[in-house]
Amino acid sequence: MSEVKKIATRESYGNALVELGKKHDNVVVLDADLAAATKTGIFKKAFPERHIDCGIAESNMIGVAAGLATTGMVPFASSFAMFAAGRAFEQVRNSVGYPKLNVKIGATHAGISVGEDGATHQCNEDIALMRTIPGMVVINPADDVEAKAAVEAAYEHVGPVYLRFGRLAVPVINDNPDYKFELGKAVTLREGTDVTIIASGLTVSESLVAAEKLAADGISAEVINMHTIKPLDEEAVIKAAAKTGKIVTAEEHSVIGGLGSAVCDVVAEKAPAKVLKIGVNDTYGESGPAVELIKKYGLDADSIYEKVKAFV
Amino acid sequence: MNKLELMKMANEVRKGAITAVHSAKSGHPGGSLSAADIYTYLYFEEMNVDPKDPKKADRDRFVLSKGHTAPGYYATLANKGFFPVEDLTTLRKVGSYLQGHPDMKHIPGVDMSSGSLGQGISAAVGMAISAKLNDASYRVYTLLGDGEIQEGQVWEAAMLAGHRKLDNLVVIVDNNNLQIDGTVEEVNSPYPIDKKFEAFNFHVINIDGHDFDAIDAAFKEAREIKGQPTAIIAKTVKGKGVSFMENQVSWHGSAPNDEQYAVAMADLEKVGEALCQK
């Protein structure tokens, strides 16, 4: 078996910004002293005059992005998820969301896969925060191909968008000619009849591996990549509930308020089915290598496999 | 406008603000009145804006960072012709476009939604940066309260404005010395305000915020400054123009009843009549 190509989606973000910058003069990138980590440094190298480093001041950065947007620029404000969604939550809500300004927030280093920096930097709450803001689009791409397409789609969408990227290199699973990114449209990556796994971000590739293992045990698992958490593809959830009657959500985020909660909202109101939420269980993370943390917090393929098997 | 015309217009703005707050039975008269002369100067003398084309690309921008003093701002926009003066009485009412705090989506002439203190100045900095990036000639103005500058975000924004030498940006501080919990120095002193902005590479001008000669000179001076943003620290009187509201912290955020409204309007009418004698 050939080696699986792995790329961190934050890297995809930086590369996609450069492509976007070449095509559109109104793209401007903001950062808060993390250009090397968020990978906006790649954009800075290509377009130094359109890269604005705001220093370590995320609240102001979001406000500056809002001001730029009022003049027709399309700002991509970038920082770690903890600071973009956490520290600057109220600025995102009041200066970007309320006036519905065309600001894109590129949040990298989301979830526990931040790794060694530990709990203070591992944001497992950003999706919950962002999806409560009226009109905010929330996207959590699964791999390099999807992340780049998501950046493009975010630019094309007029209005605020929150893009969630990871620090850890993850397998490229969408590298095929048929791949197409549609905002708010879930992608069924594997057909199945016994259970549906709805995942986003790095748990998508882990879920695919888990489904393969489940198949060996005679369990047919459908795997859906829910790259857009808001607006959620409700049809896909309703269809899955009708088809398999058992839904598992898998996300690198708190089980409170994220993808799992969004899916449960739909299931409870429109398509009653059994649901198991896999995610970070209302706890802080800790320091350690990302791969070990994903295992310890139950988000790797083996953990998903075991939990789904017990659930079915 | 000449000085006398500006004074008359500022008096109309004050009447509009008080009428709006009285009608809404809530709102912020004190800071609306302290800033009335500055609002008036900006919209009737300083800024390049067109009420018939509120979104024209090369217009000067204004961000009311101290968004709660919207009644004074709205009264200014209405008198300028952005919307009917009669609509001021719909302030804060269900279904009205005149929200309690500025809403750029629905109010003609409003360049940025604001109200959560400390955030407006950042948006103004973003607008000024955009002008620099695009070689646009418009200027950006933002009005802050002296209590508001206790917000840390204000200094994040000031640092970036100074660092990027935004000479197309003018920050005005309405220094009426009062905030909800008392005088600003009692609560958490921001003084010396001028030295703080100077330290962030601003050109600073201290003025009497009710003296149109001083206001005029300050904004003209700001236009000449290159390589630095300007901060105008305007010493003002909270509640200016209404006898019982002047320097009274209780009028920060409460509405006059019918009796008080009559007194307030009589005060302002008297000022107006005196100005007409000049």
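Analyst: UniProt positions are given here in the numbering used for this model, feature names are shortened, and annotations may be inferred rather than shown by experiment. In that sense, the UniProt annotation "domain: Transketolase-like pyrimidine-binding", from an unreviewed entry, covers residues 7-172 of chain A. This is a predicted model: local features need pLDDT of at least 70, side-chain atom pairs count only at pLDDT 80 or more, and totals for chains, interfaces and linings use all residues. Residues are numbered from 1 along each chain as its sequence is written, with chains lettered from A and ligands numbered from 1 in the order in which they are written.

User: What makes up residues 7-172 of chain A?

Analyst: That stretch is 44% helix and 19% strand. Its end C-alpha atoms are 7 Å apart. Helices (H or I, at least four residues) and strands (E, at least two) are DSSP runs, numbered from the N terminus.

User: Which domain does UniProt list for chain B?

Analyst: The unreviewed entry gives "domain: Transketolase N-terminal" for residues 8-261 of chain B. Over those residues the chain is 39% helix and 13% strand, with the end C-alpha atoms 20 Å apart.

User: Why is chain B called as compact as a globular protein of its length?

Analyst: The radius of gyration is taken over C-alpha atoms, and the globule rule is 2.2 Å times the number of residues to the power 0.38. For 278 residues the rule gives 19 Å; chain B has 17 Å, which is close, so chain B is as compact as a globular protein of that length. Chain B holds 10 helices and seven strands.

User: Why is Ala78(B) called buried?

Analyst: A residue is buried if 20 or more other C-beta atoms lie within 10 Å of its own, exposed if 12 or fewer, and partly exposed in between; C-beta atoms are placed from the backbone. Ala78(B) has 23 within 10 Å, so it is buried. Ala78(B) sits in helix α4 (residues 70-80) of chain B. Of the 278 residues of chain B, 54% count as buried.

User: What counts as a contact between the chains?

Analyst: Two residues are in contact if their C-beta atoms, placed from the backbone, lie within 7 Å. By that test, 25 residues of chain A are in contact with 20 residues of chain B. α4(A) gives the most to the side of chain A that touches chain B, with nine residues.
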